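This briefing concerns the fold and the surface of one protein chain. Please read it alongside the sequence and the structure shown here.

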Amino acid sequence: MADDKHHTMTKGVDNLNMEDDKKNELEDNEEEGLNDDPEQDDISPEEFEALNSQMDQLNSALDVLEEQNDIIHAKLIDLLESNRAARKQFKEEQEKKANEAAEKK
């Protein structure tokens, strides 16, 4: 019997969530002015030009970010190679000191 109450309550909550989702979707579509018919979407030439300009600015900003990312990546590769070389040199020096100490004994 408790399972029936739990199931009924869960089903009721699920229904409420689905109704809220549908309401939110309708409100979002209304707020954004989305239509399936592109002819009903009235965008003035000025608005289109403003959007186009914003897209160009975003594209330029993304280009700058991509270039900076490439520079950082190249510097990271150089740093890793330098670190490997330093570790190799340090290891060789340690081995050389160990060999010299072993020869003195």
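**Helices and surface patches**

Leu-80 has its place in helix α2, which covers residues 45-104. The model is a predicted one, and its chain contains 2 helices and 0 strands.

Overall surface
- Of the 105 residues in the chain, 0% count as buried.
- The chain has an accessible surface of about 10,500 Å², and carbon and sulfur atoms account for 53% of that surface.

Nonpolar patch
- Leu-76, Ile-77, Leu-79 and Leu-80 make a nonpolar surface patch of about 340 Å².
- Leu-80 has a relative accessible area of 38%, so this residue passes the requirement of over 30% for patch members.
- Leu-80 is therefore classed as partly exposed.

Negative patch
- Glu-19, Asp-20, Asp-21 and Glu-25 form a negative surface patch.
- One of these residues, Glu-19, belongs to helix α1, which covers residues 2-32.
- The relative accessible area of Glu-19 is 46%, so Glu-19 likewise passes the requirement of over 30%.
- Glu-19 is accordingly described as partly exposed.

Technical notes
Residues are numbered from 1 along each chain as its sequence is written. This is a predicted model: local features need pLDDT of at least 70, side-chain atom pairs count only at pLDDT 80 or more; totals for chains, interfaces and linings use all residues. Side-chain values use heavy atoms; hydrogens and water are left out. Patches are made of residues with over 30% relative accessible area and no salt bridge: like charges are joined within 9 Å, nonpolar side chains (Val, Leu, Ile, Met, Phe, Trp, Tyr) within 5 Å. Accessible areas come from the Shrake-Rupley method with a 1.4 Å probe; for residues, only the protein chains shown count as cover. A salt bridge is a side-chain nitrogen of Lys or Arg within 4 Å of a carboxyl oxygen of Asp or Glu. Lys and Arg count as positive and Asp and Glu as negative; His and the chain ends are not counted. The place of a charge is taken as NZ of Lys, CZ of Arg, CG of Asp or CD of Glu. Helices (H or I, at least four residues) and strands (E, at least two) are DSSP runs, numbered from the N terminus. Buried means under 20% relative accessible area, exposed over 50%, partly exposed in between (1.4 Å probe, protein chains only).
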